[in-house]
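Please keep the sequence and the structure in view while reading.

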Amino acid sequence: MENHFVEALKHNDEQIIKELYDNYRNSFLGFSKKYNIAKADSLDIYQEAFLAMRKHAISGKLLEVNSSFKTYLFGIGKHLIYKKLKEYASKRSYEQVLHKVESDYEEIVIESPDKLTKEQELLRHYFKQLGNSCQQMLTLSFYRGLTNEEIATLEGYENEAVVRSQKSRCLKTLKNLIKNPPK
Amino acid sequence: MINETLIEKYFSKSLTPNETLEFNTRYENDSNFKQEVDFLENIKLVSETEDDAQFKKQLAAQEAEYPDPEKSVTFKWLKPLIAAAGLILIILSINLFMNSNLDEEKLFSTYFEPSENVTSPIVRSADNETNLNNAFIAYGEADYKQAILLFQTAYKDSKNSELLFYEANSLLALEDYQNAITTFEDHLKHSDRLTNRSHWYLALAYIKTTQIEKAKKELKTLLNSGETFKKPEANSLLKKLE
């Protein structure tokens with residue numbers, strides 16, 4: 001996969017992401033039209049596929065992929081199209097046309113994220129009450145899995161010790177919010 | 001005590017095999033450690049969900065820059081219509097421009113020059129400081145503003161209707177078309193040697209103010225009057241207007 005695209009997704013380079021989005025949008029709409037997917041659903045699927053691309057970029061999975069950005073994006077898109085067709089089928093009588101459509105893209109199966117539990121939803125509620133810098137700090141530490149050293153470099157902290165104390169301050173604030181919810 | 005480094009390495013997936021072993025042992029045996037790791041795992045999940053939501057918003061904002069599909073369907077129909085309407089408008093305005101505006105301007109400037117003084121020979125003498133004499137001097141020198149004032153005063157004094165003709169000519173020369181028209185019309189209420197000539201100038205003033213039908217009427221009146229003044233010009237001008 002094109003390395004600079006992976007990096008752009010990982011670091012959320014909005015300019016490049018916008019270009020990528022614009023580049024393949026119409027072609028993807030044409031692709032999903034072959035499967036009789038409604039336009040609004042196609043756009044949802046396209047964005048969902050983009051999100052999955054980004055998650056795979058962040059997890060490092062994309063770097064191991066040999067196919068091009070487009071092939072992978074459309075592969076994920078195809079998977080989501082199949083899911084959508086199943087959803088259509090469950091709602092009304094629908095003769096599946098899956099195998100009638102010839103396409104150049106191999107389906108790429110992605111995991112659908114689990115729904116958050118009640119506790120996790122509550123945690124999310126408090127997480128959102130943190131300041132932006134704390135949210136960013138915890139996202140980088142736990143979701144992105146960056147080391148303190150890497151966060152210091154990326155976010156411009158003086159050194160990793162500052163990151164460490166900042167992070168523990170954020171966690172403490174979050175725990176306090178949970179223990180003593182503001183009224 | 002909770003080992004922060006161990007936890008940091010766990011989340012950045014950089015535990016060595018030995019550290020992994022240590023991590024697993026502590027996770028199983030140390031309830032505080034387990035509680036902390038579970039909590040941070042939840043933060044990981046929650047922050048991922050939030051991060052995804054932000055990215056989705058970003059994509060939706062990008063998508064919003066595309067034209068509304070409903071509207072674009074309308075536009076597909078409208079576009080050729082708008083283009084056609086635009087083209088018609090352009091053709092029409094070119095036509096209008098060619099047939100009227102441009103011609104009017106051109107016709108007026110081609111045919112108009114202020115009338116000669118055929119009424120009162122100018123006397124340049126210190127003894128003849130009358131308004132009338134001064135009016136014609138100003139008129140002859142193309143000092144029309146001055147001429148207008150003097151003609152108006154002279155007309156009040158003398159009631160010589162021919163002076164209206166020169167006043168109107170002065171107004172026309174100053175591009176004060178509305179007042180020129182009013183004054184020519186005033187002049188036409190009188191009958192004097194210059195009455196028929198006023199039809200010619202009034203016609204030009206009407207052309208300039210795009211009142212073509214009125215202009216034609218004036219020209220026809222002039223041609224039917226037996227007046228030889230500007231007869232060939234009136235003929236050719238009338239042809240151009242018809």
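## The interface of chain A and chain B

In this predicted model, 30 residues of chain B are in contact with 39 residues of chain A. The size of an interface is often expressed as the accessible area that is lost when the parts come together. For chain B and chain A, the area buried between them is about 3,300 Å², with 59% of it on carbon and sulfur atoms.

Across this interface there are 14 residue pairs in polar contact, both residues being at pLDDT 80 or more. On the side of chain B that touches chain A, the elements giving two or more residues are H1 and H3 of chain B. H3(B) gives the most, with 22 residues. Sorted by class, this side of chain B has 12 nonpolar, 7 polar and 11 charged residues.

## Salt bridges

How many salt bridges are found over all chains? A search of the whole structure finds 23, and 12 salt bridges are found across the interface of chain B and chain A. One that joins the chains links the side chains of A:Arg144 and B:Asp51, at 3.7 Å from N to O.

Other pairs lie within one chain. A:Lys18 forms a salt bridge with A:Asp22, the closest N and O atoms being 2.9 Å apart. Both residues belong to helix H2 of chain A and are 4 residues apart, about one turn of the helix. A:Lys18 is partly exposed at 24% relative accessibility, and A:Asp22 is partly exposed at 29%. In chain B, the side chains of B:Asp30 and B:Arg26 form a salt bridge at 3.5 Å, N to O. B:Asp30 is partly exposed, with a relative accessible area of 24%, whereas B:Arg26 has a value of 19% and is therefore buried, since buried means under 20%.

Helix H1 of chain B covers residues 4-11, and its buried residues are B:Leu6, B:Ile7, B:Glu8 and B:Phe11. These buried residues pack against helices of both chains: H6 (132-143), H7 (148-155) and H8 (160-179) of chain A, together with H2 (17-29) and H3 (31-64) of chain B.

The domain assignment of chain B gives domain 1 (4-64) and domain 2 (112-241). The C-alpha centres of these two domains lie 98 Å apart.

## Positive phi angles

Most residues other than glycine have a negative phi. Which residue just after H1(B) takes a positive phi? B:Lys13 does, at about 55 degrees.

A:Asn12 has a positive phi of about 50 degrees although it is not a glycine; A:Asn12 lies in the loop between helix H1 (3-10) and helix H2 (14-33) of chain A. A:Asn12 is partly exposed, with a relative accessible area of 26%. A:Asn36, also not a glycine, has a positive phi of about 60 degrees. A:Asn36 is found in the loop between H2 and helix H3 (39-59) of chain A, and at 51% relative accessibility A:Asn36 counts as exposed.

Terms used. Residues are numbered from 1 along each chain as its sequence is written. Chains are lettered from A and ligands numbered from 1 in the order in which they are written. This is a predicted model: local features need pLDDT of at least 70, side-chain atom pairs count only at pLDDT 80 or more; totals for chains, interfaces and linings use all residues. Side-chain values use heavy atoms; hydrogens and water are left out. Domain bounds come from an automatic or database domain assignment. Buried means under 20% relative accessible area, exposed over 50%, partly exposed in between (1.4 Å probe, protein chains only). Contact means heavy atoms within 4.5 Å. Buried area is the accessible area (1.4 Å probe) that two parts lose on being put together, summed over both. A salt bridge is a side-chain nitrogen of Lys or Arg within 4 Å of a carboxyl oxygen of Asp or Glu. A polar contact is a pair of N or O atoms within 3.5 Å; within protein, one must be able to donate a hydrogen and the other to accept it, and residues adjacent in sequence count only if both atoms are side-chain atoms. Ala, Val, Leu, Ile, Met, Phe, Trp, Tyr, Cys and Pro count as nonpolar, Asp, Glu, Lys and Arg as charged, and the others, Gly among them, as polar.
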